[in-house]
Amino acid sequence: MTIKNDHLRLFLPGPTEVSEEILQAQTTPMVGHRMQDCIDLIGRISPKLRKVFRTESRVYIAASSGTGMWEAATRNCVRDRVIHFANGSFGDRWGDVHKANGKDVKVVTVEWGQPVTPEIVLENLEGETYDAVSFVHNETSVGITNPVKDIAAAIRSLPGGQDVTIMVDSVSGLSGAQIEFDEWDLDILLTSSQKAFALPAGLGFSAVSDRAFEKAKTVPNRGYYFDYITMEKYLVKDQTPATPAISLLFALDVQLDKMMAETMEGRWERHLAMQKVTMDWAKARGFGMLADPAYASPTVSTVSNTHEISIGELNDFLRTKNMVLSNGYGKLKNITFRIGHMGDWTVADIEELLAGIDEFLAQKGLLNS
Ligand SMILES: Cc1ncc(COP(=O)(O)O)c(C=O)c1O
């Protein structure tokens, strides 16, 4: 995949860099969304998307960002009471989505920088009845991957645990960090296009289990745009209820071909290799990492700004080389910075970014060469 150095290259935890080939795919002449061309397009996309989600089940496609997929999960599959675990800003926001939709929610907040563990989940479920549990897989604001497999297994092991709807946000993880929808027995897994999929923003995806789909039928006030029952009616005909983002679907079709060629295992490996290069570099330069290595994200690294460099100045310098990274998120601004190593980036690209940071550090007298 060719990425040209003729524009600002995004080493952000989303939106991420989109290759020329994918940008070009969006210029395919328009088709009508009820025409056979579009039905064929969605027919090609769906089986590939299921492979990315590691599921034999359905994956809904919406003209929306990830936030819309949160709202869909909340409205369709929280019936009585949901318990939500948050260990960063995006976790907090999904909790707000539950509240904004009038759901009875208990939010459990875990300190930023710490993972949500099966122990924390079990402790909070003890003696309580919830019909849904929600949390974020890859918390973008802190660069931490929560142990989804173990959390799901812990929930399923409880009496009545088989009936609980397990809802997971993998907006900045999916296709870069391993997550297995069927094998780990998840009910809803949602993401959006502008992160590890390396597509332009504007598409939301949700895998939904049969159990969650059947439950949705019993939940009142599911809303209109994101009603799973309506989405299903159209998906089985390779269509969407409303006009889809057709240009983005052309881009998705091509990008999914690339993903299939690389294989999911290949993508996970490449992301772990980029993570390792970043972590080794940070350690060698005397920077700390926010995350315990056991929970460090394969797609975004949050580096503790031990040398108290100005992130603004660093980015001004990197921009002269057509590169940009992210400041820390919210309360972690300036005390951390984040390197997004997701999507189509390779180890060589990350090394180029790190060499750029080294040049900046050398100018500040912070690097002995
Ligand atoms: C983990 C996570 N969840 C949800 C969102 C919200 O997604 P979107 O901006 O696509 O609505 C983001 C955005 O960065 C995110 O990182």
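When I say domain here, I mean a segment whose bounds come from an automatic or database domain assignment. Keep in mind that this is a predicted model.

The assignment gives domain 1 as residues 9–17 + 264–363, and domain 2 as residues 21–261. Taken over C-alpha atoms, the centres of domain 1 and domain 2 are 26 Å apart.

Now the interface. On the domain 1 side, 26 residues are in contact with 32 residues of domain 2. The size of an interface is often given as the accessible area lost when the parts come together. Between domain 1 and domain 2 the buried area is about 2,400 Å², and carbon and sulfur atoms give 58% of it. Within domain 1, the residues that lose the most area to domain 2 are W268, Y295 and Y329, which together make up 29% of what that side buries.

On to the ligand. The residues surrounding it number 13, with S65, T67, T140, D169 and K195 the closest. By class, the shell has seven polar, four nonpolar and two charged residues. Helix α3, residues 66–77, supplies the largest share of that shell, with three residues.

T140 has a polar side-chain atom 2.5 Å from an oxygen atom of the ligand. For S192, a polar side-chain atom is 3.1 Å from a ligand oxygen atom. In D169, an N or O atom of the side chain lies 2.6 Å from a nitrogen atom of the ligand. As for burial, the ligand taken alone exposes 390 Å², and the protein buries 89% of that.

Conventions
Residues are numbered from 1 along each chain as its sequence is written. This is a predicted model: local features need pLDDT of at least 70, side-chain atom pairs count only at pLDDT 80 or more; totals for chains, interfaces and linings use all residues. Side-chain values use heavy atoms; hydrogens and water are left out. A residue is near a molecule or strand if one of its heavy atoms lies within 4 Å of it. A polar contact is a pair of N or O atoms within 3.5 Å; within protein, one must be able to donate a hydrogen and the other to accept it, and residues adjacent in sequence count only if both atoms are side-chain atoms. Accessible areas come from the Shrake-Rupley method with a 1.4 Å probe; for residues, only the protein chains shown count as cover. Helices (H or I, at least four residues) and strands (E, at least two) are DSSP runs, numbered from the N terminus. Ala, Val, Leu, Ile, Met, Phe, Trp, Tyr, Cys and Pro count as nonpolar, Asp, Glu, Lys and Arg as charged, and the others, Gly among them, as polar. Contact means heavy atoms within 4.5 Å. Buried area is the accessible area (1.4 Å probe) that two parts lose on being put together, summed over both.
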